[in-house]
Amino acid sequence: MPDRTNAGRLGSLPCTQFKTTCIMQTRLLVRIPILLLFLSLTSVLSAQKRTITGKVTDTKDGSPLPGVSVQPKGNPRSGVVTGSDGSFSLSVDANTKILVFTFVGYGTIERPVTGAPMDIALTAGSSGLNEIVVIGYGTARKKDLTGSIATISEKEFQKGVITTPEQMIAGKVAGVSIISNSGQPGAGSTIRIRGGSSLNASNDPLIVIDGVPLDNEIPLGQKSAIAGASNPLSFINPNDIESFTVLKDASAAAIYGTRAANGVILITTKKGHSGGELKVNFASNNTVSNLIKQVAVLSPAQFRTVVNANGTAAQKAMLGGANTNWQDQVYRTGLGTTDNISLSGGIKNLPYRLSLGYQNQNGILKTDNLQKTSASLTLNPWLFDNHLKVDLKLQGSIENARFGNQAAIGGAVSFDPTQPVYTKSPRFGGYYEWLDPTSATGLTNLAGRNPLGLLEEHYDKSTPKRGIGNLQLDYKFHFLPDLHANLNTGFDLADGKGTTFIPDSAAESYLAGGTGGSNNKYRSTKTNTLFEFYLSYNKDLKAIKSHFDVLGGYSYNNYLTKIYNYANYYASGKMVPNSQPAFAFDKPEHTLISWFGRANYNFEDKYLLTGTIRYDGSSRFAPQNRWALFPSVAFAWKIKSEQFLQNTDVVSDLKLRLGYGLTGQQDGIGNYDYLSYYALSDSNAAYQFGNNYYQGYRPGGFYANRKWEQTATSNIGIDYGFLDNRITGAIDVYYKKTTNLLNNVPQPAGSNFSAYIVANVGDMNNKGVEFSINLQPIRTRDLTWDLGFNVTYNKNTITNLTVVPNDTSYVGFPSGTIAGGIGGQFAEINAVDGSKNTFYLYRQVYDVKGNPIEGVFQDKNGDGIINQKDLYKSKPADPKTFMGFTTNVNYRHWNAGFVLRASLGNYAYNNNWSQTGTLNQVLGSPVLYNASSNYLVTHFKGSNAQDLLSDYYISNASFLRMDNATVGYNFGAISHSRANLRVNAGVQNVFVITKYKGLDPEIAAGTGNTPGIDNNLYPRPRTYFLGLNLDF
Amino acid sequence: MQKMKRNIFIPLALCILAAACSKKLDRIPTNDVTASEVYSTSLGFTQAMAKVYASFANTGNVGGTGSADIPTQIIADEGNSDFLRLYFNLQELTTDEGAWTWQNDAGIQGLHEMSWSSVNPIVDGLYYRSFFQISLCNDFITHATDAAIAKFGSSADTIRHYRAEARFLRAYQYWVLMDLFGNPPFVTEKDAIGTFIPKQISRADLFKYVESELKAAADSGLAAPRQNLYGRADQAAAWALLARLYLNAHVYTGTDRYSDAITYCNKIIAAGYTLHPDYTELMLADNNLNTDENIFTIVYDGTFIQNYGGTTYLIHGPANIPGSITGCNGSWTGLRLTQQSITLFPDYSGNTDHRAQFWQTGQTLAMTDMYTATAGFSTFKFRNVTRTGAPAPDRDAAGNFSDIDFPLFRLGEIYLIYAESVLRGGTGGDATTAYNYINALGRRAHKDNTLTYITPSQLTTDFILDERGRELYYECSRRTDLIRYNKFTTSSYLWAWKGGVEAGTAVADKYNLFPIPSTDLSSNPNLKQNPGY
């Protein structure tokens, strides 16, 4: 046997033959000792049957294609993958007649085995129609799909510094909007598929990783889904991901019934290949991040002028002599590095993949740091004559994070710019603070603290861990190979714990005599378990030109969180008296149980019919409302397969899809509150009867009749391809109607134990059109140019609100909490005939010069009183249209590309202007505060309680953003073809074009943010990166 | 064939296992319990009752802040959401007795200027706080039926007392709502939680309800005066509220009920209350010892009953008073009084009338600016120290939380109600007794048991209003008193910055009532807004 098997390549060839490679390999081997383990494992490989060799190249330029899957037809699991030089060597049974060559983006071809070396050329762009895509509970050929499904595979991912997986597909899929929540390293994103079908239950899609649904819900009263972790998806190493599949319409998603109303994102991770050679990939990415823009505030000189002109003598005396830009003080240049190594291959029938990742990212906010170490192992053996397919996947990661105190972001905007950063005094860590000799601590009560001190004297450190794993067994019955039984058991474990330490000298929690500070622990764990079982049967009935497959199964998901409660401690470790919690921990838990089924029928390979049904039970509903049925049906017509299109080259693909289905929603609501439960107060919130203190029982608000929120989606779509699929894409038109909307709404006072309850309140619809097109205008040997464009139009309308039955005068309920002023105010409303989160404000009156007149608003109903009846429904916060544009040019070894995203018709409320752009901001508190420079425009005093509700503060925040621009060079085979090196560099967050005057027009609705309300966002930095990718 | 059998059994077994899992949809909380569990033991009843009372004193289920009772959508800052702070702001900041320095603070703007709008988180907060407590009272009464508590033997008596106290507390909150909002929605234990839309009740009908509930509670269930455990309401508390209710009956119903007010004053006085000898000891950390005068107090404790409202607000709030005097970690530099209320004292130095406990250092007498911390005196009437001047024993290390209990009713006020009712023509009392009561207040204030405080001819209704300003300032009765005297909105009494001008000016009559919160107007179609808002 020629020595071309991977087994010997690194292990047995003497170094003298490959001098240059050897040096490099030695380095790598030192760096990655684990490689040795695999080398010894792989050496057991031997071939005994017939061996076929060959090479796969690109028709474009004849360059070798690595990574092409080569399989004997009918026995896909004994295939191999081509090496970096495009060559392969495959050992097959003597009776193998045909080999199947598959490569993502190049399609699939079959070639008969002749005995001679097989040199095969594949053509790029010949469509992924034969691509196998992952769908709920199974896979399907892309061309047989009946629902609206988008697949994004590795080569289409956004490049650059990706700290959390979903950012890889931002702007790439029509109908999917992905907005990063902030510029914090590892921060999550707000993902909306077709606008989201709920008001404020949950609008997040279900995310399923290799069959394990992730739990991203934030437990009540917690800041994040996993304590001390900014975002649960950040635990997934982006480098491990092979593809994303987005199930957009109900017919595709309904198999996930319960939680599919907001769409489903299936993430498939990379696997090894059976019999494949060992492939090692090493990728390193290094980044530099900078703040792009600061919030505009008064300069020290402007600030002095304002105080001297308007302040009292005492306030003028407070002015300091320094000139400090506090935003300069709290931000920095953030450096980061990400390194990944993966090893994949196969030992006989045991394909494996191991990957290790390390990331260290500094945020641009000082002290903010995220370190993450991740590992994942995938084993996919076939056993019992290939009747039992085993998928075992384990992945884990440990983060080591220090969270910068984000109070410093707002602090830096408003701290007095005439004060110095440091004092010469060692008190309060040497940071300047507002002092008051009459207070016990020496600090002015109720005064903001030094923003830099808030960062540097605040150690919020956590080490959250997460492990996700599953074992999936797919058994093909020996006596009936068309029947499969599939068992999937999985877990998702997380343990987030950390400590917030504030030294006793820090002003943030100073106590007289320096006995304060804090040393507080926090922790929560998650133990989510999954058990699924299904049977599937498929059959070709050639006699009636039909193929059908059916599937039926059961799913059990349990979500258990354990939240630990701790007493509070001073920095010294002494417990704060009487701070012991009432309970050491809480264990919120909920369970979903489902029965599901699907039937596909294919007639003449032209007409496809899919029906699914899911019967779901959730522990979150009262027994009488617990179960609900979610059916769907879809039909597709492969028009291209009809006679009249068979012989044209102009139309290379054409398919019509029709679908209808029901999906449900039960996330974002309480676990138990269909009943009233009584919570015991802590011992420091007790009451005294005689000489005893009793902790009290408080009944919780509840909503006994809570029902499933249900969304019915109708979808009509066309998939098209022209000119040999150099033009491909899809058009979809959808109509989603959500009934029994779950929303947190005010209750009539006295009618419940809580003034706000999550209730079923009404109906809403989303109508939309999605269009995507991919073009390859140039396709030559040396030069290819790809363009991708997608646009989504979505209109959201609330059609019915039934907080009070039959109340026609009901105006709607508020949303969009704004900060500042009298507090507890809302800038938005959800009302019938409007879009969700529509701004609801007073119409500002302007003077002849066009400047707003403070406190003067249009008296809409002319009753002489400005009150809530004069608020009017203005623009919605959400965009009506959003677009993504991607382009890539490959010229010989060079490639370059960029991703643009645009959002049109979204409005933003500048809460920074409204809260801090007044004279009161400067003078209306015990110490001086800096104001937004918008004060110089409005000269508002800020004495009118209604000022914050002026529509002056909203503006069109449409934008065009370049997410990234990259350029790369492929050195190709280096070191005597032993390795392949690619280098790329680029910029992330290149530019934003917008008329919006605030910091960033893109405001995510994620944790802590309200849609469309712009207030102290952790700024998204501009990031430069240089990456290196080595395959060998 | 055997192999085949096994292959069938595995999936079959799995299906059975799956079916068994369906029972797992009955999930219950780990720590929280159902009503039937709470109300299954006598301790449970006590703990439910503790929360009914604690909803007066605390802002949530965690000391300081945390697990708030009132959702952040109503009040963003939980520290502002307790009953007393909200009630104080509405009853005092709107009058000659108070202004708050920081107009950037939630809901402050418009209160002292008497130009509050229909959206104000302090107004909304008080409204939802009152209804929160009413809901808890309703829940307790629903569960504490005779049949349900019969099994508790001797504890059943305690629970019957609790039930009467819940009726009293509910009546108290309805009185607050009636006084501030006029015609609030109306809910009792007969309305099942979560299933109905409350109707609005007229002020006159609510008066009748409060009256009958107080009488019923006093007659059946409330402990005899001064016989209950400290912190809990007794008959005298119900009588005191009845006296206050009747004193203001004309405002609420258009009908005078001064004789009834006298009746209940007499009942209280006959129960053996006496004036506490030293006025300056009324609002101290150990004022729980003042059982001679206090009729019913909200209890606070620096360790066990912590929140940022209550008397914590009344020690930190007053402007510029050093923490060493108020017994806390320092001033929030907010509360000052107008010169009109200070000069109700002929000698406001505090040297003669010891009720004049005003901080003058660095402050000007005249409130020349509403939003300047030094404009206007502040008061150290509330001090978190004991009678000996020692720090409060239960204070927290940070010096945040107060130990001072707040008397909702005390004998001093009862004397004033008696005297005013007599002067306004009520029967069942006499002018001499009235005179003696007022003289007793004056003598205590001057620490002079032989003083002739006033002559009988000086005892007029106007004198009573001024005397209330001296005796009861900062005790949350000022707005109600000024309305009863028709001086709240009119030009017959002006104070600094009334109506938003320094000299003071009359404002529209609508300000005699607060607006029903727009949040409730939008969620309850049965409600009609008060005129003018």
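This is a predicted model: local features need pLDDT of at least 70, side-chain atom pairs count only at pLDDT 80 or more; totals for chains, interfaces and linings use all residues.
Residues are numbered from 1 along each chain as its sequence is written, chains are lettered from A and ligands numbered from 1 in the order in which they are written, and side-chain values use heavy atoms, with hydrogens and water left out.

Chain A contains 13 helices and 56 strands. Helices (H or I, at least four residues) and strands (E, at least two) are DSSP runs, numbered from the N terminus. Of the 1032 residues in chain A, 59% are buried, where buried means under 20% relative accessible area, exposed over 50%, and partly exposed in between (1.4 Å probe, protein chains only). Among contacts (heavy atoms within 4.5 Å) in chain A between residues at least 6 apart in sequence, 70% join residues at least 24 apart.

In chain B, helix 5 covers residues 121-143. Its 23 residues reach 32 Å from first C-alpha to last, close to the 33 Å expected at 1.5 Å a residue; the expected span is 1.5 Å times one less than the number of residues. In helix 5 of chain B, 21 of the 23 residues are buried. At the start of this helix, a side-chain oxygen of B:Asn120 comes to within 2.7 Å of the backbone nitrogen of B:Ile122.

A salt bridge is a side-chain nitrogen of Lys or Arg within 4 Å of a carboxyl oxygen of Asp or Glu. Over all chains, the count is 68 salt bridges. Three of them are listed here.

| Salt bridge | N to O distance |
|---|---|
| A:Arg901 and A:Asp963 | 2.7 Å |
| B:Arg410 and B:Glu293 | 2.8 Å |
| B:Arg355 and B:Asp353 | 2.9 Å |

A:Arg901 lies in strand 50 (residues 894-904) of chain A and A:Asp963 in strand 53 (residues 959-974) of chain A, so the pair ties together parts 62 residues apart in sequence. Both A:Arg901 and A:Asp963 are buried.

B:Arg410, in strand 9 (residues 406-410) of chain B, is 117 residues from B:Glu293, in the loop between helix 11 (258-270) and strand 5 (294-298) of chain B. B:Arg410 and B:Glu293 are buried, and B:Arg355 and B:Asp353 are buried as well. A network of salt bridges links residues of chain B, including B:Glu293, B:Asp353, B:Arg355, B:Arg410 and B:Lys381.

Methods
A polar contact is a pair of N or O atoms within 3.5 Å; within protein, one must be able to donate a hydrogen and the other to accept it, and residues adjacent in sequence count only if both atoms are side-chain atoms.
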